[in-house]
Amino acid sequence: MGRLADKIAIITGGAAGIGLATARAFIAEGARVLLVDVQAAPLAAAVAELGDAHARACVADVSDPVQVETYVAAALEHYGRIDIFFNNAGIEGVVSPLVDYPLEMFDRVMAVNVRGVWLGMKSVIPAMAKTGGGSIIITSSLGGLRGVPRMSAYIAAKHAVVGIMRAAALECAPLNIRVNTINPSPIATRMIAAIEEGYAPGVTARAKARFAAGVPLRRYGEPEEVAKLVVYLASDESSYSTGGTFTIDGGMSAA
Ligand code: NAD
């Protein structure tokens, strides 16, 4: 029996990176998943890999309230319930000093990373409550607990979702819904490569070496390592954990 046997999970940002690694781990533990992503082609490829007995896809932009309703309805239509919500989709924005940061990009980062997370909560919580509760895991970042220069919109957004998690954990405890954040950094996905490029255009190897040197474990984390933490928080093994921030950062937050 897997640790998530017969559980139904929604994973936003499920076509790539941490979301896709978590989909693989959830399925290995017996869950079935609805993957949500704005990118149709990688999403279709992910479901083809995972197999449609275990995975379904819904193309949606998490910042759009109508599309959020659509993905929640798709999960209920295919599977009839929602036990786990990995509220994970996010974008990095650009690397720029705050005083030069483009307003439109600030608004877009907030729309995806904060409004998208909040809209997902708003639609999923009532459905989850109807079937007796569940577990919600929001992807924040180490940048949700401390600052990083030249990423002000992203840092603001990742702090904001810690606030959403704390408010929701208190509201949802009577519904038997646990709510936690994971706070990773740095993890080897497309996103960190884009951030390297933002800090050191054309010489990303230098940025990568500098970032890795700042990690006590001296390396980036792998999405599969993050997925193991998400499985724990999704499963009954974490039954007394709600309202928590779970760092997975090679020791960075200890400094
Ligand atoms: P990624 O870019 O590989 O994956 C993000 C996925 O989210 C992509 O498939 C993308 O298409 C999807 N997405 C983006 N905007 C969307 C939208 N509006 N609607 C639906 N889907 C959308 O990056 P990742 O590293 O796997 O990022 C996953 C989460 O982890 C993000 O919230 C990110 O901020 C967070 N995170 C990443 C790191 C890291 O170092 N990689 C560190 C801390 C936190």
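Is helix α1 mostly covered or mostly exposed, and how many of its 12 residues are buried? Before I answer, please keep in mind that this is a predicted model, in which local features need pLDDT of at least 70 and side-chain atom pairs count only at pLDDT 80 or more, while totals for chains, interfaces and linings use all residues. Residues are numbered from 1 along each chain as its sequence is written, and side-chain values use heavy atoms, with hydrogens and water left out.

Helix α1, residues 17–28, is mostly covered, since nine of its 12 residues are buried, where buried means under 20% relative accessible area with a 1.4 Å probe, counting protein chains only. Helices here are DSSP runs of H or I with at least four residues, and strands are runs of E with at least two, numbered from the N terminus. Among the buried residues of α1 are I18, L20 and F26, and what covers them includes β1, β2 and α8. Just after α1, G30 takes a positive phi of about 100 degrees.

Leaving aside neighbours within four places in sequence, V179 is in contact, meaning heavy atoms within 4.5 Å, with residues including M121, I136 and M165.

Methods: The expected span of a helix is 1.5 Å times one less than its number of residues. Buried means under 20% relative accessible area, exposed over 50%, partly exposed in between (1.4 Å probe, protein chains only).
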